[in-house]
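Here is a walk through the pockets of one protein. Keep the structure open as you read.

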Amino acid sequence: MGVETAINIAELREHARHRLPRMVFDYIDGGSDDERTLARNSAAFRERQLLFNVLAGVTDIDLSVEIMGMKSPLPFILAPTAAQRLFHPRLGELATARGAARFGVPYAVSTLATQPLEAIAEAHPGPKIFQVYVWKDRQLVADILHRVRAAGYGALALTVDAPVAGNRERDRRNGFTIPVSLSTKTVPQAFSKPGYLLDLLLGGPAHPANFPLPHAGDVMTHINTQFDRSISWDYVSWLKDAWGGPLAIKGLSRPDDAVRAVEAGADAVWISNHGGRQLDTAPATLDTLPAIREALNGRAQIILDGGITRGTDIVKALALGADAVAVGKAYLYGLAAGGEAGVARAVEILKDETERAMALLGRRSVADLGEDVVAR
């Protein structure tokens with residue numbers, strides 16, 4: 001049975017689990033330390049209930065939003081996730097781009113993508129965001145920004161919650177690295193999934209395609225040596241000037257940092273805890289949303305990610321103050337399970353669930369959602 005038969009994201013996850021070696025599946029599925037934040041992200045949505053109106057005349061549902069000047073027919077984007085040729089060794093980000101393009105939803109491309117950013121842009125001619133980290137080498141960032149502008153990306157997202165890589169114990173236990181290295185731990189896992197192994201051999205190692213690694217080795221080791229832990233909010237101002245377009249600051253959980261981001265030049269605040277993969281026991285993103293919304297008071301758009309696997313999750317986040325949400329694991333399960341078709345199926349599932357939830361709530365557009373539809 002193919003991905004087209006999956007009726008929800010949980011079933012796509014099971015397809016991915018059967019397709020991938022354990023080390024690769026755990027890289028998608030896991031979090032840091034005891035994975036409490038990972039679990040809390042999902043629990044926060046489960047704790048909230050939806051209060052519906054009836055006889056509201058909801059024949060036409062409009063899910064469209066505008067995100068940093070880019071129009072999207074759906075109120076969510078595909079979040080930036082690294083090294084996607086690990087999950088779909090032949091195409092990686094190209095499959096994601098094509099799946100997203102079927103619906104016209106924005107795709108946020110990771111700096112650590114394993115396909116050239118220009119090729120990804122060609123595969124997704126619609127709205128796109130490019131994600132960058134806080135590199136020590138500003139010239140490297142400036143060079144990438146030149147390519148990003150030329151390729152037609154409409155906005156930039158600066159990830160600020162990863163001065164070092166989180167302690168992802170599943171990866172350590174599995175001997176997982178990027179690119180995958182051969183060892184007594186990884187070889188048996190790879191041989192247990194012959195279909196994946198064949199794709200991996202034909203596709204080749206999943207190296208970052210948009211910047212050179214200064215030496216051979218694990219990408220996460222490179223992150224720990226090349227990300228700049230000394231920078232301050234001045235970096236945001238520099239990046240805003242260097243980019244010259246809409247900018248989101250991704251990885252915020254506190255109202256005071258959200259305000260600082262806007263003062264430094266951000267057009268959007270992206271509430272995120274890196275999917276529970278960085279600081280464990282950090283709060284769920286949904287729990288931090290109301291206070292950040294209140295502190296910003298409309299001065300910037302709000303994007304939220306973390307724990308979103310249902311259309312009802314999307315509706316709850318929008319009702320509590322997000323202008324859009326970002327999904328990561330949900331479409332990665334689809335990518336791993338079925339490439340472009342799997343990504344498209346993940347988007348379709350979330351689209352249908354969101355539209356159904358809006359109709360059942362008695363709300364015709366995203367603008368009609370408010371706190372009154374959410375109870376705890």
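How many nonpolar, polar and charged residues are in the lining of the largest pocket? By class, that lining has 25 nonpolar, 15 polar and eight charged residues. Ala, Val, Leu, Ile, Met, Phe, Trp, Tyr, Cys and Pro count as nonpolar, Asp, Glu, Lys and Arg as charged, and the others, Gly among them, as polar.

The model is predicted: local features need pLDDT of at least 70, side-chain atom pairs count only at pLDDT 80 or more, and totals for chains, interfaces and linings use all residues. Residues are numbered from 1 along each chain as its sequence is written, and side-chain values use heavy atoms, without hydrogens and water.

A pocket here is an open set of points on a 1 Å grid over the protein atoms alone, where a 1.4 Å probe fits, with protein on both sides within 12 Å along at least five of seven lines; lining residues have an atom within 4 Å of a point. Volume is the space filled by probe spheres set on the points, which are joined across faces, edges and corners.

The largest pocket has a volume of about 890 Å³. Its lining takes in 48 residues, and Ile28, Gly275, Arg277, Gly328 and Lys329 lie nearest the centre. Helix H15 (329–361) is among the elements that supply at least two lining residues. H15 gives the most, with four. Helices (H or I, at least four residues) and strands (E, at least two) are DSSP runs, numbered from the N terminus.

Now the second largest pocket, at about 570 Å³. Its lining has 29 residues, with Val160, Asp161, Ala162, Pro163 and Gly251 nearest the centre. Strands E7 (155–159) and E8 (247–252) are the elements that give two or more residues to this lining. E8 gives the most, with three.
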